[in-house]
Amino acid sequence: MALDTAAITEKYVELSHGKTRYLEAGTGFPTILLHGVSFYNGGDSFRLNIGPLAQKLRVLALDCLGWGLGDRFDREYSFAYLVDHVREFQDALGLEKTNIVGHSMGGWIASVFAYESPQRVNKLVLVGSGGARPRTIPSMTEFQPPTRDQIREQLAERTDPKYEGDLDKSADDDYAKTQVPGSLGAYQKILSHMNDDMNRVRYNTIRRFPHIKVPTLVLWGKDDQTNALEMGEETHRLIEGSKMVVLDSGHYLPTQVPDQFNQALLDFL
């Protein structure tokens, strides 16, 4: 299922909460990829993008705080912690400034990051980004831990058919993340925070967008059923000088249309 993965290295870095896992490839300008909210997500969510992007960039696909194969944060989670985790990751790797690419929830984190720390962002890419509406989505409010077979079914639905060859291995790898000790409890804490009405209002991105001044690409799927295209258009309108690209895709652009997604990022970054 992966493209050009030979040079991708799995690494861990020690941060204040413990170890964080990330995938690294390439030697160009450092570019951090932030994944969406699904329980089994992690840096691997960009498995079809890391190799192609690494031809021109230094790609760092991060397991966000509370996800993946690293240590869990043994406290209540918050947007503040999730965003600062990215800054601490930059600090630990000695990166004063990076590109930030965020998909879905990762876009929410990226938006708040660019608002709070513009000096740490070279270019910003928001992909089907969350945070512009104070409402939850069923996959969060009705969450039940998925089985390995359910993960495979979801991967098949969200992946360009020509890259489905390694779905069984991908499902095995993603299921393994759900079995990390403490993973379910951490995820439930994250959902509790993100589903709280007051938190969703306080960390809404609408009021922050006009203050984002870094070069920004708004990348959206025409048929996004999770974060409707209107959200992308509003994001583009509110971030002055931003560029918008709409692809023939649903919400999962990095895997549904990886070739077009990769090219759009390379053209911008």
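R87 sits in helix α2 (residues 79-92); helices here are DSSP runs of H or I with at least four residues, strands are DSSP runs of E with at least two, and both are numbered from the N terminus. With a relative accessibility of 16%, R87 counts as buried (buried means under 20% relative accessible area, exposed over 50% and partly exposed in between, with a 1.4 Å probe and protein chains only). Setting aside residues up to four places away in sequence, R87 touches F113, E116, S117 and R120 (contact means heavy atoms within 4.5 Å).

The model is predicted: local features need pLDDT of at least 70, side-chain atom pairs count only at pLDDT 80 or more, and totals for chains, interfaces and linings use all residues. Residues are numbered from 1 along each chain as its sequence is written, and side-chain values use heavy atoms, with hydrogens and water left out.

**Strand β3 and its partners**

- Strand β3 (residues 29-34) has 5 of its 6 residues buried, so the rest of the structure largely encloses it.
- Strands β3 and β4 (residues 57-62) run parallel and are joined by 6 bridges (two strands pair if DSSP finds at least two bridges between them).
- Strand β5 (residues 98-103) also runs parallel to β3, with 4 bridges joining the two.
- I32 has a bridge partner in each: L60 in β4 and I100 in β5.
- L34 lies in β3, and at 0% relative accessibility this residue counts as buried.
- Beyond four places in sequence, the residues that L34 touches include F46, L62, V86, I100 and A110.

**The nonpolar cores**

- The largest nonpolar core has 49 residues, and L34, I100 and L124 have the most contacts inside it (such a core is a set of buried Ala, Val, Leu, Ile, Met, Phe, Trp, Tyr and Cys residues joined through side-chain atoms within 4.5 Å).
- Helix α3 (residues 105-116) gives the most to this core, with 7 residues.
- Another core, of 23 residues, lies apart from the largest one and has L217, L219, V257 and F268 among them.
- Neighbours within four places aside, L124 is in contact with residues including I100, A110, A114, I212 and F268.
- A114 lies in helix α3 and, at 1% relative accessibility, counts as buried.
- A114 and I212 are 98 residues apart in sequence, yet 6.3 Å apart in space, C-alpha to C-alpha.

**Helix α9**

- Helix α9 (residues 229-238) has these buried residues: L229, M231, G232, E234, T235 and L238.
- The buried residues of α9 pack against β6 (121-127), β7 (216-221) and β8 (243-247).

**The largest pocket**

- The largest pocket has a volume of about 670 Å³.
- Of the 34 residues that line this pocket, S38, Y40, Q154, R158 and Y252 are the closest to its centre.
- On a 1 Å grid over the protein atoms alone, a pocket is an open set of points where a 1.4 Å probe fits, with protein on both sides within 12 Å along at least five of seven lines, and lining residues have an atom within 4 Å of a point.
- Grid points are joined across faces, edges and corners, and the volume is the space filled by probe spheres set on the points.
- Helix α5 (148-157) is one of the elements that give two or more residues to the lining, and α5 gives the most, with 4 residues.
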